[in-house]
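Keep the 3D view open as you read.

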Amino acid sequence: MKSKLLMIIKIGWLSIWRNKRRTLISLFSILIGTGIPTFFVCIAWGFYAGLVDDVARLMAGHVTYEHVNYRNSPSNDLWVDDIQVINKSLNNNDEVLLTKQIVNLQGVAHTAKGSVGISLMGIEPSKEITISYLPESIVEGEYLSEGDGRWVIVGSKLAESLNVNVGKKFVFTTNDIKGELIEELFRVKGIFKTGSKEIDGHFVQSDIDIARMVAGLSSNDVSQLGIIVKNPDTHERFLQEMQKTLAKKNGVFLSWQQIMPDVATTIRMDRTAISSIMVLLVVIVLFTMFSTILMSTLERRREFASLLAIGTQPIELKLQIFIETILFGLIACPLGSLLGVGIAKWTEGYDMMDVVGGKAEDMTVGGFGMDTIITPLFSIPLILQISIFFFLAVQLLSILPIYLISRISITDVLRST
Amino acid sequence: MLDQFSTMMRLTIIATCVLFKVFLSSFAFASNLNPEKILDSVDDLYRSNTSYGTLTLSVTTTNWQRTLTLEQWSKGDDRHLIRVLKPKKEKGLTTLRVDNNVWNYMPKVKRVVKIPSSMMASSWMGSHFTNDDLVKQSRMVKDYTFSITYEGEREEKNIVEISCYPKKDAAVVWGKVEVIVYRDDFIPLHIIYYDEDLQLSRTLNFTNIQMMSGKMMPTQMSMIPVDEPGESTAIQWKKIQFDLPINDDFFSLRNLQQ
Amino acid sequence: MNTKKEIVSLRNVIKNYGHGKVITKALQGIELNILEGDFSVMMGPSGSGKSTLLNIIGGLDKATSGEVNFNGKDFNTLSNKALSIIRRNHIGFVFQNYNLLPVLTAYENAEYVLMLQEIPISQRKEKVMHFFQEMGLEGLEHRFPRELSGGQQQRVAIARAVVSDPLLVLADEITANVDSETAQSLLELMETLNKNNKTTFLFSTHDPAVIKFAKKVIVLKDGKITNEQISSENIEKYTKR
């Protein structure tokens, strides 16, 4: 039994090499069919992972704790009980890298030049420096430090539309927690440029103390508690645990997907688009493969008929054809994965803008700029998934040839010369 | 580019002169005028315990021009009610201001809308005034340091020029405000706003001085922004009465809808 | 003389092709016995039904009616799978075009059926080498079919057919693609196999040279076996292609 199977495998293996050129073309098409999606997925998923992490660190963390009603109306008077107790216990959690206390204020910035709607985020500068990319994005002036008071950092586009430079002032109008209109003066300490229209045009960061003062919050209160976890992949499970064990009655733990649905939706849509393109590519490759496999089967009809005549069981013949496609897949799919991973690895560190052209500013997801430096994500399950998917797709190709062989008429085929 | 440069040069020269004047003022104009008193009188020009009046508001932009006739009530610094009388299309449109809050009542849809803080910098009724201009109740003397920088004849008028510089943390967008009044009665002629770089931003002109309800006052006021050439907003007082008995209840949301 | 074992017996075998009005009567009541050790040659003009008869005896085709008995089994009642197994274990085929597997060596081609029968490797080697020696194929074991001459290929094909000790070897026009000298040696080889191993052969041919080796000649005409004797006068009629 074993030697028979080995023989069938051997015949299958040798049969694929009967037409070397055709086989190489087939292998090449599987290689490309597996390699290109692998490459794209590594690159794209790398971008998303980087983007999500960047945005999470810039904004309200991978997981955010806030008032249950804050999502519906991000009003300054919605803060959560015992936030410092929760903060302390989160900071003692092994899975947590850092927590950031955030006071968010929506309002309008104005100068003599004009007015722009902005979102002011009060943070703890010393923590922010260790986690966020904003301090590195400063192009003029300096990043914040503790006790900076009215000194804030603004985006380059906002600076332009307000016509302010480092050292200049603007007036910020907002409502405090009692709903009273508040006007406060701020001065520009630094100007950052992230490449995102939204962030550069409407985002302002200040020290949390001044934001609390403006909002009328006490020195313990926050709008949000942003949690940066060590492993972003498991943030959902972490969130569930925290919700069960830590959340107060009026507080809720939310994921970055819930906090920034635009980003989540865009990534999801983008992934779907990439997957669709990949599936299309796969179909094209499979189509060329299919004709090859069908041809190579049909031109051996005579051979198959004689094998059947001398007593080969039809199942043994079908197995042989099946093994041929399995061997195709087994050779080409792993090589394709390696090829994709290899190219992705090779492009690591290059700026995508140099490759495709265009402006970094145009690369935004849900309003957030993307880091255009290629940092592929090599997720083994994902790479295997593509490889196995392609492998199985190739196996489907043997169905028709196998069916045709099962219907072969030995006498008819042998009679025709 | 050359144009821009010469403008910059001119403005720099002006700014330098202004600074020079400020420097000189403390020595040169040791007059007996009290700038604080003058600024308060300008702030109080249209304010009284209570007031009632009608006025027209003419807005000229590069694209359109329109005139509204308005009716207004005020009490103290913090209560205001303004209602549109003409044109017919906007008749009944009412703005109520109590303290820092502004509401608009739209008769067509019979709804009251509170102006959120994000809208405070938006134009009020399409004019060159912002909602914030309406709300602004701070007094010059509170937010600015000031001094008399000129006293005497200018354009055949005997005037006093007071230069006001915002205090360090005052929530003021301007870099400097010049208030120019008649020396005799402190009736304002111009209020000139400069941005932080001391470039001219907008000018408020007061003209057509008349006696109204026993008070001499300019009955016409026009706002000319610098960066929108050819545009302006003019206010013309038709009638004004002071110190009428008006209840606080008058400035209520309930009344807004009547 | 002992009665020889009856390997094939056909009783009133009829084979029709087609449906409805257009029916080709390929075989019309064939009566035939093939005994162990036979070296029979089937002759007849093209269309006389030789191939059809060979296919029916070989279990590749089924008779429309009549009895086809192979080694005591009724082919009409067997499934395709059962027929396939009988072919594998008891029938050897030699084709006009050799039909060797091009990807396998001469040795592997001969070994193929033994592998299907799941015979242990030592026995396989012994058997294959035995026949290779007997058939003058020594030294050619590792050659691929494309590296062999037509005659050598046909020898390998014969080796493949006889290596598993079948009850019957069916040889269909095996001399058609080789020159007369090679044909002669192939036939001599098979005659030897018949003598030494008691292998039963049934030939179908147009080649008059084959008849010289025949112990028994079956003449087919219009789907019937005739009693006509083959002589130098009429032989051309049966050997015309």
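In this predicted model, six residue pairs are found in polar contact across the interface of chain B and chain A, with both partners at pLDDT 80 or more. If you look at the side of chain B that touches chain A, its residues divide into nine charged, nine nonpolar and six polar. Charge also shows up in the pairing itself: three salt bridges are found across the interface of chain B and chain A.

How much area is buried between the two chains? The size of an interface is often expressed as the accessible area lost when the parts come together. Between chain B and chain A the buried area is about 1,800 Å², and carbon and sulfur atoms give 49% of it. In terms of residues, 24 from chain B are in contact with 22 from chain A.

Now turn to chain C, where four strands form an open sheet in the order E2-E1-E4-E5, with antiparallel pairing. Strands E2 (24-35) and E5 (73-74) of chain C stand at the edges; each has a single partner strand, so one side of each has no neighbour in the sheet. Follow E5(C) to its partner, strand E4 (residues 65-70) of chain C: the two run antiparallel and are joined by two bridges. Here C:Asn69 stands opposite C:Asp74 in E5(C).

Finally, find helix H1 (residues 50-57) of chain C, which packs on the sheet and touches strands E1 (6-17), E2 and E4 of chain C. The direction of H1 makes about 55° with that of E2(C).

Methods
Residues are numbered from 1 along each chain as its sequence is written. Chains are lettered from A and ligands numbered from 1 in the order in which they are written. This is a predicted model: local features need pLDDT of at least 70, side-chain atom pairs count only at pLDDT 80 or more; totals for chains, interfaces and linings use all residues. Side-chain values use heavy atoms; hydrogens and water are left out. Two strands pair if DSSP finds at least two bridges between them. Contact means heavy atoms within 4.5 Å. Axes are lines fitted to C-alpha atoms, for helices over the stretch in contact, and angles run from 0 to 180 degrees between N-to-C directions. Buried area is the accessible area (1.4 Å probe) that two parts lose on being put together, summed over both. A salt bridge is a side-chain nitrogen of Lys or Arg within 4 Å of a carboxyl oxygen of Asp or Glu. A polar contact is a pair of N or O atoms within 3.5 Å; within protein, one must be able to donate a hydrogen and the other to accept it, and residues adjacent in sequence count only if both atoms are side-chain atoms. Ala, Val, Leu, Ile, Met, Phe, Trp, Tyr, Cys and Pro count as nonpolar, Asp, Glu, Lys and Arg as charged, and the others, Gly among them, as polar.
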